[in-house]
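Try each task yourself before you read on.

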Amino acid sequence: MGDGLKNTATRAAFGAAIDGVLRYVNKNEEDREKAFLKLVDLSEKFLGDTFSPETFESARELVHDTDGKWMRFINTALNELDPHVIKMNALNLGYQAGFYGFKKTQALQEELDCNVPWIILMDPTSACNLHCTGCWAAEYGNRLNLSYEDLDQIVSQGKELGIYFYMMTGGEPLVRKKDIIKLCRKHKDCAFHAFTNGTLIDEEFCRETAEVGNLTFSLSLEGFEEVNDGRRGNGIFNKVMDAMDLMKKHGLLFGTSICYTSANYKTVTSDEFLDMIIEKGVRYTWYFHYMPVGNDAAVELLPTKEQREFMYHRVREIRSSDSDKAIFAMDFQNDGEFVGGCIAGGRFYCHINPNGDVEPCVFIHYSSANIHDMPLLECFKQPLFAEYRKGQPFNHNMLRPCPMLENPGSLKTMVEKTGAHSTDLQSPESAEHLCEKCEAYASCWTGKADDLWEKSEKAKEAKKEQQAEAAAK
């Protein structure tokens, strides 16, 4: 059976299994548990060569633990989310992107000796209806757009390479919400995700999103009303709260995108804040470390080493099965150990700005490739991405993953070596200037990061020894 036919057949089998789970949404827990276990069995049958046997056993243990945090989390989501939204995300993000697509992109990386991303983050527009203090996207200006045809071509070419997950930022991507819905309708086998300020979400858009089913969201928040509106403008906090109410009513899948700084890190991880967003229907939260991007970046917002260590422990606490917080928390910087360090430069993801420049990362505005000049695959082969591939990981310590923030000499060298130009369209910034702002931070963080990493590695070794002893018995 050819790859395309095999994918179609496997996708259909997973669709049927997911339907089996959804049939028991309002039934008893025992029937739902059996349906979940069938889904795990099916996954092992088709994906056993991709993941270890321990992965599937862990999944079965999770399903059996019906009173555990994560099964309660899953069951609540099943009860509250639109069934079509659940199915489309399980199929497109879970199977199509997470299994079939990821396997294909990894195989292509080996075959072509170049990075082929699993995720493309793209900016439909640089325009935004807000002008938030310190927003890196504001550095682009606000008059650029990727046309619908551009977006469609990116996705069409990407699918040929195994890329089925497309994130969108800006600017404010929902300025282009009609085109985004159109894109979701055409590419029904892809997962789409929008990072949004939430102010353009209305009843009609929620209905359309539920209809397509393959679009999810991360809403930007920086704290409670006073702090959030101090950066974003008066009334924005309440508009975001209203948007969350609408999305929850329509059974949509959404989370939050939170930039943590020296000023807000405790607020946005507090019990009070988390309880508020969970009540509003938030299922996950991304925490992004403040990056001093742009000539006018406020370096005083960079967290201290003590503040970053607090985030390291706090996010893991929130995420633990012992926590009472029914939310999945991710820390883009401190979770580097789970993805092997830096994921940019096409290793797992890359960024396409509204001018069509293909950049290593949403925070790294340098490139020598543009989608208007060459096919997507050729953009991935650009010299800067090749240097990323050679250099990754940029540090043996995965708590120091970034070639800019924690290893500023790495980015400076790569940009100089490849001749990549600044793609900041409003105030071009040299790699030397950008990296200079990170040197003091990197130096300060190194000792603390190395201490945390050593403790983490020792804990992993101890766990392995315990498991080996248990298996021997």
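**Exercise 1. Which residues does D150 contact, leaving aside its neighbours within four places in sequence?**

Solution. Keep in mind that this is a predicted model.
- Step 1: with the neighbours within four places in sequence set aside, D150 is in contact with I371 and H372.
- Step 2: find D150 in the fold; it is part of helix α6, residues 148–160.
- Step 3: compare sequence with space. D150 and I371 are 221 residues apart in sequence, yet their C-alpha atoms are 8.3 Å apart.
- Step 4: check the accessibility. The relative value for D150 is 18%, and the cut-off for buried is under 20%, so D150 counts as buried.

**Exercise 2. Work out how α6 packs with α7.**

Solution. 
- Step 1: look at the geometry. The axes of α6 and α7 (residues 177–186) are 10 Å apart, at an angle of about 35°.
- Step 2: get the hand of the crossing, which is right-handed for α6 and α7.
- Step 3: list the residues that meet. From α6 come Y148, L151, D152 and V155; from α7 come D179, K182, L183 and K186.
- Step 4: sort them by type. This contact has four nonpolar and four charged residues, and no polar ones.
- Step 5: zoom in on one detail. K182 has its charged end over the ring of Y148, 4.2 Å from the ring centre.

**Exercise 3. Describe the crossing of α1 and α5.**

Solution. 
- Step 1: the axes of α1 (residues 3–23) and α5 (residues 83–112) come within 10 Å and cross at roughly 145°.
- Step 2: the crossing of α1 past α5 is right-handed.
- Step 3: pick out contact residues. On α1 they include F14, I18 and L22, and on α5 they include I86, L91 and Y95.
- Step 4: count by type, and you get nine nonpolar, five polar and four charged residues in the α1–α5 contact.

**Exercise 4. How is the aromatic pair of W118 and F165 arranged?**

Solution. 
- Step 1: the ring centres of W118 and F165 are 5.6 Å apart and the planes make 70°.
- Step 2: apply the cut-off: planes over 60 degrees apart count as edge-to-face, and that is how this pair is classed.
- Step 3: W118 is in the loop between α5 and β1, whereas F165 is in strand β2, so the pair ties together parts 47 residues apart in sequence.
- Step 4: F165 has 7% relative accessibility, so F165 is buried.
- Step 5: take in the wider picture. The count of aromatic pairs comes to 18, and one aromatic cluster is formed by F195, W286, F288, F332 and Y349.

**Exercise 5. Is R319 buried or exposed?**

Solution. 
- Step 1: locate R319 in helix α12, residues 305–319.
- Step 2: its relative accessible area is 14%, so R319 is buried.
- Step 3: see what surrounds it. Beyond residues up to four places away in sequence, R319 touches K69, W70, F328, A329, M330, D331, D335 and F338.

**Exercise 6. Check some backbone angles in the loops.**

Solution. 
- Step 1: the G170 to G171 peptide bond is cis, with omega near 20°; G171 is in the loop between β2 and α7.
- Step 2: the Q392 to P393 bond is cis too, with omega near -5°, and P393 is in the loop between α14 and α15.
- Step 3: D113, a residue other than glycine, has a positive phi near 55°. D113 is in the loop between α5 and β1, and at 59% relative accessibility D113 counts as exposed.

Note on methods: Residues numbered from 1 in each chain as written. Predicted model: local features only at pLDDT ≥ 70, side-chain atom pairs only at ≥ 80, totals over all residues. Heavy atoms only, no water. Axes fitted to C-alpha atoms, helices over the stretch in contact; angles between N-to-C directions. Helix = DSSP H or I, 4+ residues; strand = E, 2+ residues; numbered from the N terminus. Left-handed = near helix turned anticlockwise from the far one by under 90°. Contact = heavy atoms within 4.5 Å. Nonpolar A, V, L, I, M, F, W, Y, C, P; charged D, E, K, R; others polar. Phe/Tyr/Trp six-rings, centres within 6.5 Å; stacked < 30°, edge-to-face > 60°. Buried < 20%, exposed > 50% of the residue type's maximum accessible area, 1.4 Å probe, protein only. Lys NZ or Arg CZ within 6 Å of the ring centre and 35° of its normal.
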